[in-house]
Amino acid sequence: MDHAPGRVLTALSGFTARRAGAIIGFWLVVAAALNIGLPQLNAVVAQDSTPILPADSASSQALHKMDVEFGNGRSTSFLFVVLERDSRLTPADTSYAAGLVKRLRAEPDVTFVQDIAARADLRRSLTSKDGQALYFQVGIHGATGAPTAIKEIEAVRAIVKGAAPAGLDVAVTGPAATIADMETAVDHSILFITIATVGIIALLLMLIYRSIAVTALILSMIGLALAVARGTTAWMGLHAFAVSTFTGSFLTAVVLGASTDYAVFLVSRYQELRRDGMEPDEAVRQASGRVAGVIIGSALTVVVANAAMLLASVGIYKTTGPAIAVSIVTTLLMSLTLAPAVLLVAARRGLIEPRAVNPRSARWWPMVANAVVRRPARILVAGLVPLLALAAFYPLLQLSFDERGTQPDSTDSNLGYRLIAGHYPLNEVLPDYILISSDHDLRNAADLAAIEYASRAVAQTPGVVSVRAITRPLGTPIPQASVGYQAGKVGEKLGGAAHQLATKSSSSQQLASGSAQLSDGAGRVAGGAHRAVDGTGRLLRGSQRLLDGLTHLTTGSGTAKAGSIQLRDGAAELAQRLDAGHTRATYAVNGLGQALQALTSSLGCSLDPICARARTGVQQVYTGEKDELLPGLAQAATAAHRIASGSGRLATGLTQIQSGLTRAQTGAATITAGQSTLHDRLGDLAHGADRLAAGSTQVADGTAEMNTSVQQLQHGLGTAAKVLQRAGSASNDPAIGGFYLPPSSLSDPRLATATSLFLSKDGHTARLVAFGDSDAFQRAASERSQEITRAIHQGLAGTGLADADVAISGVPTIDADLGSISDREFAMIAAMALVAVLLILIALLRSLVAPLFLIAAVCLSYAAAMGLGVLVWQLILDRPLDWSVPVIAFILLVAVGADYNLLVMKRMLDESPDGNRQGIATAVSATGRVITAAGLIFAASVFAMMTGTVTTLAQIGFTIGMGLLLDTFVVRTLLVPSVAALLGPRMWWPRQPVKP
């Protein structure tokens with residue numbers, strides 16, 4: 001039984017029949033206006049700035065924050081310019097690299113360039129150890145994955161590769177360049193995909209209809225539908241929603257497949273009615289009216305399912321789903337109006353008349369239908385077994401986020417990765433970036449220690465090779481920052497001071513020797529003075545007898561007087577200097593005592609064996625100086641004072657002698673003899689005075705050297721005490737423990753590069769860079785990034801930065817965010833699509849059981865298709881499915897799969913409203929050929945995506961295509977009719993059975 005279409009659809013078919021020419025002209029004008037008066041879809045795509053990952057994702061926000069703190073806040077994506085030469089880079093290469101900085105900064109779309117020209121330290125740090133490669137970072141406005149970024153990257157490449165020195169390999173790479181190269185490859189593949197799709201569709205149409213006219217007619221309709229769909233999508237892309245490079249490729253495959261299916265439905269139904277003897281015009285009206293409901297339901301499922309992706313935030317979803325939905329709406333409108341009009345014009349000219357049916361084909365579908373309804377249970381099992389077997393591979397799915405592997409190895413970004421891999425450690429430009437931000441300056445000992453704790457925790461994470469931070473700029477902790485190292489250096493300083501004191505012991509010995517000589521000289525002076533007194537007595541007794549020697553005696557007595565005065569003055573000066581030396585030594589010894597007291601009261605020094613031994617040595621020095629040096633200097637000063645006093649009295653006596661000799665007029669002989677004796681004794685006195693002067697000089701020199709040594713020792717001990725006090729205080733702080741990096745060390749020129757790379761200018765944000773042992777694009781790296789996040793929080797726990805903001809970015813983290821967001825949005829989109837399709841099926845079939853069964857069937861078909869994809873790509877070809885495959889495949893398989901099942905179900909409702917098996921067999925037989933043709937054509941259109949150079953398109957095309965074939969040959973042919981036969985009229989519950 002074949003029910004007539006409703007009044008609305010009948011009226012629509014009648015209108016198209018009456019206005020066929022006008023309708024054809026209208027759509028031709030629309031197609032021309034959209035494609036001539038508006039920018040082409042490719043041009044609109046190039047203006048889009050939708051990122052592949054939403055800007056509000058954690059990793060995207062972290063990347064922006066890192067640009068603000070360590071860049072200039074104007075960059076959205078980053079590139080790496082790589083220069084490499086087989087031998088060492090030449091001066092010309094270095095000069096060329098420096099010149100690139102200036103030229104790139106002049107490019108409007110470039111927002112940031114690492115200044116390797118002005119900063120030689122930065123250039124050296126970015127040069128490979130073998131000196132054969134150099135890379136630096138460049139920032140651009142365009143977001144990663146956005147089409148606008150492609151243009152900016154092309155501009156950077158044009159600058160970088162212009163006039164490069166001969167033999168220098170240059171490439172632009174990085175995650176943004178990787179995505180751009182992939183999207184460029186997709187864009188270049190669209191033409192080949194379109195040609196392949198049209199060619200495959202033409203071949204299948206020729207095989208199905210064996211008519212050039214029918215094939216040309218359908219191709220013209222789908223070509224016009226594609227032109228209108230692309231033009232409409234371009235207009236919507238300018239005003240309503242975002243489009244991307246993937247939009248064109250998916251739109252082409254879906255529109256060509258869907259429009260061909262709708263045309264096949266109409267032409268096949270027309271030819272079926274013509275075989276029944278209906279007139280051409282009436283057959284067109286009847287065919288268009290009867291398939292219109294199926295086409296509307298089919299299109300609506302695709303539209304609603306794809307429109308659900310408008311709520312997604314992942315770039316590939318929100319830029320393809322809405323575009324496909326709009327394209328299918330235009331395709332539906334053209335299928336309801338243009339297709340019947342073209343069919344009517346062709347039918348009146350006899351261009352689409354049916355050919356004789358192949359007897360073998362005519363018998364095949366009735367035979368299959370009858371077999372299904374006779375043994376529905378067995379057929380159901382036969383259909384479920386392969387689907388369930390394939391679906392069993394679905395849980396083994398491991399998605400890939402490696403966009404490098406989806407594109408040809410010859411792309412510029414892949415070349416750049418190879419250049420870097422040949423000279424740098426793994427993931428040199430693809431690490432995890434961790435930002436630790438606080439509301440205060442981190443440049444203090446406690447926070448620097450906390451940063452080191454966090455770095456240490458990350459470094460201990462499985463899979464992390466090294467971590468670079470301000471406390472470990474080369475990947476290992478700064479050795480000078482440990483308390484043990486600093487205590488050792490203090491020990492070395494104390495040991496040096498002790499050694500210096502030991503080497504200066506000769507000065508103390510010289511002082512003692514000088515003091516002894518001074519004592520001996522002083523004794524001799526005293527003896528000479530006594531003998532001079534005796535001689536003077538003899539001179540007095542003989543002066544009466546030697547008057548003639550008075551003049552000589554007077555001269556001698558004058559000389560003696562002058563010598564005694566000089567002796568007095570020298571002894572007085574010596575005494576003054578000894579007093580001053582004693583005072584300075586007293587200050588030095590007191591300072592040493594204070595240092596000793598500081599060391600004695602230091603708990604840290606008592607706990608440190610090295611410091612304790614040094615303190616014992618200082619104690620010995622202090623005791624020796626206090627008990628021996630100071631008393632000796634005091635005693636020497638007292639002796640010098642006595643000598644000065646005695647020499648003064650000697651001078652007075654000599655003056656009196658001279659006065660007496662003047663009065664003496666006699667005793668010249670006695671005076672002569674006395675003068676001789678006096679001369680001898682005074683000679684002894686002079687010799688003793690010389691020795692006293694020499695000894696006093698040595699005392700002065702030795703005392704000066706000892707004073708200098710004591711001062712040096714005092715300064716060294718003071719410095720050591722300060723270091724030990726700071727280190728001791730640091731070691732007592734539980735927030736610091738064994739790590740102590742003084743903030744003042746950050747101004748060390750050796751840490752200048754590290755400070756700029758790992759601390760923000762205001763000191764409120766620290767950056768850690770973690771390098772993993774696996775490729776940054778692999779799943780293991782993404783999983784490790786989550787472990788790194790946990791390790792950071794554990795490392796900061798219990799420190800002053802426990803509440804600090806922690807953000808992490810980098811390729812592994814971006815992929816992890818992309819995976820989690822994609823999974824979350826997959827669940828949302830799938831739920832919305834399933835509910836929407838279910839409601840559409842309920843409205844069209846006016847049943848609940850049948851729609852639920854169809855939804856379950858297409859879900860099983862999807863699971864089987866994904867399982868087959870896992871088996872082929874992941875397990876056999878060792879190429880895991882791209883992360884975007886599951887969502888795109890689900891939306892199209894659920895929507896398109898529901899189309900075919902809806903068509904057969906609608907025919908079953910027409911042929912068997914009471915659920916009788918013969919009517920079910922008739923419906924399967926009648927729709928078998930057309931659904932098979934439609935399934936093959938749609939599958940072929942998506943299989944054509946495998947002709948592109950991007951693996952992602954190939955995987956999507958393969959998975960969807962195989963899902964369509966499974967749905968066509970297993971679900972629609974075996975499962976749907978067998979379940980319908982088993983359920984009978986219950987299939988249409990709660991709808992009441994109707995007698996045919």
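Predicted model: local features only at pLDDT ≥ 70, side-chain atom pairs only at ≥ 80, totals over all residues.
How far apart are the end C-alpha atoms of helix α9 (residues 212-239), and what should its 28 residues span at 1.5 Å a residue?

**View 1. Helix α9 and the residue at its start.** Helix α9 covers residues 212-239, and its end C-alpha atoms are 40 Å apart. At the start of α9, serine 211 places a side-chain oxygen within 3.4 Å of the backbone nitrogen of alanine 213.

**View 2. Strand β5 and the burial of its two faces.** Strand β5 is made up of residues 432-437. Six of these six residues are buried, so the strand is largely enclosed by the rest of the structure.

**View 3. The strands paired with β5.** Strand β7 (residues 765-772) pairs with β5 in the antiparallel sense over six bridges. Tyrosine 433 has valine 769 of β7 as its bridge partner. Strand β8 (residues 805-809) also runs antiparallel to β5, and five bridges join the two. Here isoleucine 436 is partnered by valine 806 of β8.

**View 4. Aromatic pairs.** The model holds twelve aromatic pairs. One of them joins phenylalanine 26 and tryptophan 27 edge-to-face, at 5.3 Å centre to centre and with 70° between the planes. Tryptophan 27 has a relative accessibility of 10% and therefore counts as buried, the cut-off being under 20%. Phenylalanine 80 and tyrosine 135 form another edge-to-face pair, 6.0 Å centre to centre, with 70° between the planes. Phenylalanine 80 belongs to strand β1 (residues 77-84) and tyrosine 135 to strand β3 (residues 133-140), so this pair ties together parts that are 55 residues apart in sequence. Phenylalanine 80 and tyrosine 135 are both buried.

**View 5. A cluster of aromatic rings.** Tyr394, Phe826, Tyr862 and Phe890 are linked into a cluster by ring pairs.

**View 6. Arginine side chains over aromatic rings.** Arginine 404 has its charged end over the ring of tyrosine 417, 5.1 Å from the ring centre. The charged end of arginine 767 lies over the ring of phenylalanine 70, 4.1 Å from the centre of that ring.

Definitions and conventions. Residues numbered from 1 in each chain as written. Heavy atoms only, no water. Helix = DSSP H or I, 4+ residues; strand = E, 2+ residues; numbered from the N terminus. Expected span 1.5 Å × (residues − 1). Polar contact = N/O pair within 3.5 Å; in protein donor to acceptor, adjacent residues only side chain to side chain. Buried < 20%, exposed > 50% of the residue type's maximum accessible area, 1.4 Å probe, protein only. Pairing = 2+ DSSP bridges. Phe/Tyr/Trp six-rings, centres within 6.5 Å; stacked < 30°, edge-to-face > 60°. Lys NZ or Arg CZ within 6 Å of the ring centre and 35° of its normal.
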